[in-house]
Amino acid sequence: MCAPPRGRYTAAMPQNCAVVALSVSPDEEATRAVVDAVQRAGIPVDSPTWVRVTGTASDDQAADVEGYNALSIPAEVEDVPALRRALQPDPQEQLVPGVDLDVVERRWMHHERRKLVVLDVDSTLVRQEVIELLAAHAGREAEVAEVTGRAMRGEIDFEQSLRERVAVLAGLPAEVIGDVAAAVRLSPGAQVLVRTLLKEGHAVAAVSGGFEQVLAPLAETLELTRHAANTLEVQDGVLTGRVTGPVVDGAAKARLVVEWAQELGVAPEDVMVVGDGANDVPMARTAGLSVAYRAKPALRAVADTQLSLPNLDALRFFLDL
């Protein structure tokens, strides 16, 4: 299938949210466990049916992308956060192994409401960490990867870690930026997700603690509504090991999300942010719906929803697209 059919939430019963279960390949035991968990939370389940999205339907650019399955259950509850806690009592663990159990408020399926979806870039919109690809040209990828990991887990200050990592690039020819930009690969499902959102009239943005010189051509190709990142300083055709201008850190990401929503006339409650690391926590806290995509514990602890399977296309089920 190319897209989940609309109208799946038009049951006669009143509803203010939906439980969206996502899994690469759920078996009968997992299905029973999902139904049991939802019913224990007080939500009736009638004839649950998984919708299968094939790999090629979710990503027509990469043959290695797995498909996935989605199950949507309409619900009416007084306390949506309480339902989320019931289905995900520990944000670091799945209640049903191999299945994300997410609760999405019904307004996200209202197609007349324009949405703004803001994606982190490294390890979210794209598969790699760009700074590590650059550092590989200096023979220091492992060193930089270790610092990146600590920053994404929230163990060290992001700006401090950024300047430390960028410093190892000093002396590299500026041409390596183009080489890295050409090597970057979109995350599975990213292109279909962005294409679908834009086609439906929604806005899509990308904000990165990475680098403008790599993000800009990607943003142009995807026709993103907004984008922002740090800028690597270049002098005489050589990287200086510094960035120019204000650093795009977690606080800056949050400010940009708010500014973009205001500029685009999108209500704060209609902003979705998607990220994976500790520097995405501030913008997650500003959003109407935050998504932890294959995320580190720091973001998983605060995000409204989780996407553990490696396919961004699955977010279309949060929007009934």
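Is Asp 122 buried or exposed? I looked this up before anything else. Asp 122 is buried, with a relative accessible area of 8%; buried means under 20%, exposed over 50%, and partly exposed in between, with a 1.4 Å probe and protein chains only. Accessible areas come from the Shrake-Rupley method with a 1.4 Å probe, and for residues only the protein chains shown count as cover.

**Basis**

I note that this is a predicted model, in which local features need pLDDT of at least 70, side-chain atom pairs count only at pLDDT 80 or more, and totals for chains, interfaces and linings use all residues. Residues are numbered from 1 along each chain as its sequence is written, and side-chain values use heavy atoms, with hydrogens and water left out.

**Whole protein**

I found 12 helices and 11 strands in the protein; these are DSSP runs numbered from the N terminus, helices being H or I of at least four residues and strands E of at least two. The radius of gyration is 20 Å, close to the 20 Å that the globule rule gives for 321 residues, so the protein is as compact as a globular protein of that length. That radius is taken over C-alpha atoms, and the rule is 2.2 Å times the number of residues to the power 0.38. Along the principal axes, the C-alpha atoms fill a box of roughly 65 × 40 × 35 Å.

Buried residues make up 55% of the 321 residues. The protein exposes about 13,300 Å², and carbon and sulfur atoms supply 49% of that area. I also looked at contacts, which mean heavy atoms within 4.5 Å. Among those between residues at least 6 apart in sequence, 69% join residues at least 24 apart.

In UniProt, an unreviewed entry lists Asp 120 and Asp 122 under "active site". UniProt positions are given in the numbering used here, feature names are shortened, and annotations may be inferred rather than shown by experiment. The lining of the largest cavity includes Asp 120 and Asp 122. A cavity is a set of points, on a 1 Å grid over the protein atoms alone, where a 1.4 Å probe fits but cannot get out; lining residues have an atom within 4 Å of a point.

I placed Asp 120 in strand β5, residues 116-120. Asp 120 is buried, at a relative accessible area of 4%. Beyond its neighbours within four places in sequence, Asp 120 is in contact with residues including Val 207, Lys 253, Asp 276 and Asp 280. Its side chain makes a polar contact of 3.1 Å with the side chain of Thr 124. A polar contact is a pair of N or O atoms within 3.5 Å; within protein, one must be able to donate a hydrogen and the other to accept it, and residues adjacent in sequence count only if both atoms are side-chain atoms.

Asp 122 sits in the loop between β5 and α4 (130-136). What does Asp 122 touch, not counting residues up to four places away in sequence? I listed Gln 128, Glu 129, Val 130, Ile 131, Ser 208, Gly 210 and Asp 276. The side chains of Asp 122 and Ser 208 are joined by a polar contact of 3.3 Å. A polar atom of the Asp 122 side chain lies 2.5 Å from the backbone nitrogen of Val 130. Arg 40 is 82 residues from Asp 122 in sequence and 38 Å from it in space, C-alpha to C-alpha.

**Positive phi**

Most residues other than glycine have a negative phi. Ser 123 is not a glycine, yet has a positive phi of about 65°. I found Ser 123 in the loop between β5 and α4, partly exposed at 22%. Glu 223 also has a positive phi, near 60°. Glu 223 lies in the loop between α9 (212-222) and β7 (226-235) and counts as exposed at 62% relative accessibility.

**Ser 290**

Ser 290 is in strand β10, residues 289-293, and is buried at 2%. I noted 2.9 Å between a polar atom of its side chain and the backbone nitrogen of Asp 304. Contacts of Ser 290 beyond four places in sequence include Val 273, Ala 284 and Val 302.

**Two exposed residues**

Glu 112, in the loop between β4 (100-105) and β5, is exposed at 67%. Its C-alpha atom is 9.3 Å from that of Gly 201, 89 residues apart along the chain. Arg 85, in helix α3 (residues 80-87), is exposed at 53%.

Technical notes: On a 1 Å grid over the protein atoms alone, a cavity is a set of points where a 1.4 Å probe fits but cannot get out, and a pocket is an open set with protein on both sides within 12 Å along at least five of seven lines; lining residues have an atom within 4 Å of a point.
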